[in-house]
Amino acid sequence: MNSVMLSSSLVVGPAMGGILIATLGVKYCFLYDTLSYIPAIFTLLAMRLPARPMQPLTGISDTLEKLREGFEYVWKFQPIRVILLMLALHGFVGMSHVALMPVFAAKILNGNATTMAHLSTSAPIGSLFACLYLSVRRGIVGLERLIVVAQVLIGTSLIFFSLSRQVWLSIIILVFVGCFSILNITSSNMIIQTLVTEDKRGRVMSFYALAMVGTMPFGNLLAGTLADNFGATNALIVCGSLIILGAFWFSAQLPAVSRWIAR
């Protein structure tokens, strides 16, 4: 349900941004973005969470020791390690189309701000379908195989999107990209949250965030560099191909991951 809310905001936000840019100009889009933080701040202030006892940290050495324990746990726990590596690959090259979207909207599809808004809204619409599917699932059995399928289809969809020269076809392809991306990300999240021990949960989820968000700036740099030297189409083909190769690697790890999930 968290993914549903996130996906919904990603549908409404770009749509409103595109309308504001097309009708009032870019500066009002930034104003809308600024004002959107106000309800979020009031929501955080309204939260009342019960305090939970925590083991106090004695200093920087204790903090580093906790960090080392978390890293060792992630590295030695095979299912979590391989899933985080796949998420890092997804953040590195699987989101490259977002950085290159203005190039495709303006130069390849010969569109404008409205075209950009339609393209930006397409993937979140697809993610809503994925969230609805995952919300009716019971348990995590089989999600590891779903990750492999989603990764292959993400890479394939990115390659198809790079070759598309029709706006309507690009929009449809991005719906699939959004759907498979959320299937991959949320399935990975569900498996990790289920398998991780309670005392390591916070540290493991920080590595989860690092794998997803921390790799995206470097992926954007790679995508932009490839697009500048070889063209946006070829850049996205390379990124899609890397995602597919990563899925083949992850499929070789499936037997061990499935054994852990079966326990």
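What covers the buried residues of H11? The cover includes helix H5 (78-94), helix H6 (96-108) and helix H12 (232-252). Buried means under 20% relative accessible area, exposed over 50%, and partly exposed in between, with a 1.4 Å probe and protein chains only. Helices (H or I, at least four residues) and strands (E, at least two) are DSSP runs, numbered from the N terminus.

This is a predicted model, in which local features need pLDDT of at least 70, side-chain atom pairs count only at pLDDT 80 or more, and totals for chains, interfaces and linings use all residues. Residues are numbered from 1 along each chain as its sequence is written, and side-chain values use heavy atoms, with hydrogens and water left out.

Start with the whole chain. The protein chain has 13 helices and zero strands. For 263 residues, a compact globule would have a radius of gyration near 18 Å; the chain has 20 Å, which agrees. That radius is taken over C-alpha atoms, and the globule rule is 2.2 Å times the number of residues to the power 0.38. Along the principal axes, the C-alpha atoms fill a box of roughly 55 × 45 × 40 Å. Of the 263 residues, 43% count as buried. Contact means heavy atoms within 4.5 Å. Among contacts with a separation of 6 or more, 80% come from residues 24 or more positions apart.

Now go inside. A nonpolar core is a set of buried Ala, Val, Leu, Ile, Met, Phe, Trp, Tyr and Cys residues joined through side-chain atoms within 4.5 Å. The largest one has 60 residues, and Leu 84 and Leu 87 have the most contacts inside it. Helix H9 (residues 167-195) gives the largest share of this core, 11 residues. Leaving aside residues up to four places away in sequence, Leu 87 touches Ile 185, Ser 188, Ile 192, Tyr 208, Ala 211 and Met 212.

Return to H11. Its 15 residues (216-230) should span 21 Å at 1.5 Å a residue, and its end C-alpha atoms are 20 Å apart, which agrees. The expected span is 1.5 Å times one less than the number of residues. Buried in H11 are Gly 219, Ala 223, Leu 226 and Ala 227. They cover an arc of only 100° around the axis, so they sit on the same side of H11. The arc is that of the directions from the helix axis to the C-beta atoms. On the other side, Phe 218, Leu 221, Asp 228 and Asn 229 are exposed. Gly 231 follows H11, with a positive phi near 100°.
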